[in-house]
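Subject: Structure for you to look at

Hello,

Here is the structure I promised to send over. Please open it alongside this note, and my findings follow below.

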There are 2 protein chains.
Amino acid sequence: MPQRAKRPGTAKIRSAAFRRIRADHSSELAEDYVELIADLIDEKGEARGSEVAMRLGVANATVVKTMKRLQDMGLVTQEPYRSIFLTGDGWKMAEDGRRKHKIVEAFLLALGISEETARIDSEGIEHHVSEETLRAMARFLARK
Amino acid sequence: MPQRAKRPGTAKIRSAAFRRIRADHSSELAEDYVELIADLIDEKGEARGSEVAMRLGVANATVVKTMKRLQDMGLVTQEPYRSIFLTGDGWKMAEDGRRKHKIVEAFLLALGISEETARIDSEGIEHHVSEETLRAMARFLARK
DNA sequence: CAATAGGTTTAGCCAATGCTAAACTTGTGC
DNA sequence: GCACAAGTTTAGCATTGGCTAAACCTATTG
């Protein structure tokens with residue numbers, strides 16, 4: 001069987017990157033939910049499951065199920081048939097998400113991208129930028 | 001029951017963004033696999049399942065299962081116990097991924113980000129940038 | 001040319017994230 | 001103060017993407 005190993009170092013680094021992406025994906029969903037809940041509380045005074053479902057474009061039942069997981073993770077609290085609240089950790093995560101989101105979106109706009117696209121792309125990108133990249137984006141914005 | 005609707009337009013757009021992200025995620029995995037397979041073919045002359053598994057940081061069995069799906073999607077072909085080939089569509093997807101990847105990575109480097117971080121972040125970001133954003137990045141690189 | 005080491009596949013499991021349809025609360029309005 | 005509409009939750013299902021352990025090929029080598 002062919003068994004060559006030309007550049008052993010690179011493979012490991014690459015696989016680490018892929019691992020991180022997979023890990024990101026699990027927290028990504030949680031961040032999206034939590035961020036949205038924070039927005040709803042600020043905007044309307046309360047976060048209802050059905051509103052979350054509508055804004056996220058998923059079914060009601062999906063939100064219920066996810067809320068259980070977020071509750072287990074200690075990010076939200078909720079009584080049946082009541083609206084959703086964030087825990088301290090939940091707020092922290094929401095704030096962090098908003099911070100990243102703002103930087104990325106502002107950065108894309110500064111790059112000359114349309115508002116529409118900046119909104120959509122930043123939503124996707126925000127979960128995949130390291131602190132180093134965020135710092136570089138902030139630097140760019142300051143220098144601009 | 002509370003039934004307020006203050007800004008009906010925004011919600012729909014947001015949910016569209018989230019929908020796109022979810023849709024991206026399914027193709028994302030496929031793109032990562034296909035891109036890696038293309039790299040292996042170019043680099044070593046053939047793409048073996050176990051090599052894909054190692055580089056992706058995933059178990060062998062996972063690759064086998066995923067290959068079946070990619071085969072159903074018409075992106076790869078493979079005989080049992082043989083190495084993996086890309087179809088025309090597979091090559092097209094791989095080339096597209098590489099193109100995006102290159103632009104994003106070069107862009108991050110131009111922004112002053114370390115090689116290590118640029119590699120990792122670009123891997124995550126490449127699947128979430130629109131053509132408009134790619135064009136802006138390319139423009140930035142040209143103007144630099 | 002047969003044994004065997006080592007790479008591949010199968011089988012069976014798990015968790016996450018969605019869905020629809022049915023059952024269940026709640027709060028309003030009569 | 002009860003009925004009912006509308007909002008919530010449960011139940012049950014599907015798919016994706018991962019894992020381990022066991023079964024299975026293949027090609028090298030003695």
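**What I found**

Glu35(B) counts as buried, at 7% relative accessibility. Buried means under 20% relative accessible area, exposed means over 50%, and partly exposed lies in between (1.4 Å probe, protein chains only). Glu35(B) sits in helix H1 of chain B, residues 8-44. Helices (H or I, at least four residues) and strands (E, at least two) are DSSP runs, numbered from the N terminus. Which residues does Glu35(B) contact, leaving aside neighbours within four places in sequence? They are Ala94(B), Gly97(B), Arg98(B), His101(B) and Glu126(B). Contact means heavy atoms within 4.5 Å.

A word on ground rules. This is a predicted model, in which local features need pLDDT of at least 70 and side-chain atom pairs count only at pLDDT 80 or more, while totals for chains, interfaces and linings use all residues. Residues are numbered from 1 along each chain as its sequence is written, chains are lettered from A and ligands numbered from 1 in the order in which they are written, and side-chain values use heavy atoms, with hydrogens and water left out.

**Chain A overall**

Chain A has six helices and two strands. Their order from the N terminus is α-α-α-β-β-α-α-α. The radius of gyration of chain A is 19 Å, whereas a compact globule of 144 residues would be near 15 Å. That radius is taken over C-alpha atoms, and the globule rule is 2.2 Å times the number of residues to the power 0.38. Along the principal axes, the C-alpha atoms of chain A fill a box of roughly 60 × 50 × 25 Å.

Of the 144 residues in chain A, 47% count as buried. Take the contacts in chain A with a separation of 6 or more: 55% of them come from residues 24 or more positions apart.

Now the charges. Chain A carries 25 positive and 23 negative charges, and their mean positions are 10 Å apart. Lys and Arg count as positive, Asp and Glu as negative; His and the chain ends are not counted. Each charge is placed at NZ of Lys, CZ of Arg, CG of Asp or CD of Glu.

**The two copies**

How are chains A and B related? A rotation of 180°, with 0.0 Å of shift along its axis, superposes chain A on chain B with an RMSD of 0.1 Å. The two copies are thus related as by a two-fold rotation axis. In chain A, the C-alpha of Ile125(A) is nearest the axis, at 2.8 Å. Both copies use the same surface: 94% of the contact residues of chain A recur in chain B.

**Helix H5**

Ile125(A) is also among the buried residues of H5(A). Helix H5 of chain A (residues 115-125) is mostly covered, with eight of its eleven residues buried. In chain B, eight of the eleven residues of helix H5 are buried, so the helix is largely enclosed by the rest of the structure. Those buried in H5(B) include Thr117(B), Ala118(B), Asp121(B) and Glu123(B).

Leu109(A) is in helix H4 of chain A. Leu109(A) is partly exposed, at 37% relative accessible area. Not counting residues up to four places away in sequence, Leu109(A) touches Ser114(A), Glu115(A) and Ala118(A). Ala118(A) is one of the buried residues of H5(A). Ala106(A) lies in helix H4 too, which spans residues 88-110. At 32% relative accessibility, Ala106(A) is partly exposed.

Most residues other than glycine have a negative phi. Tyr81(A) has a positive phi of about 65° although it is not a glycine. Where is Tyr81(A)? It is in the loop between strand E1 (76-77) and strand E2 (85-86) of chain A. Tyr81(A) is exposed, with a relative accessible area of 78%. Tyr81(B) has a positive phi near 65°. Tyr81(B) lies in the loop between strands E1 and E2 of chain B, and is exposed at 77%.

Best wishes

Technical notes
Least-squares fit on C-alpha atoms with pLDDT ≥ 70 in both.
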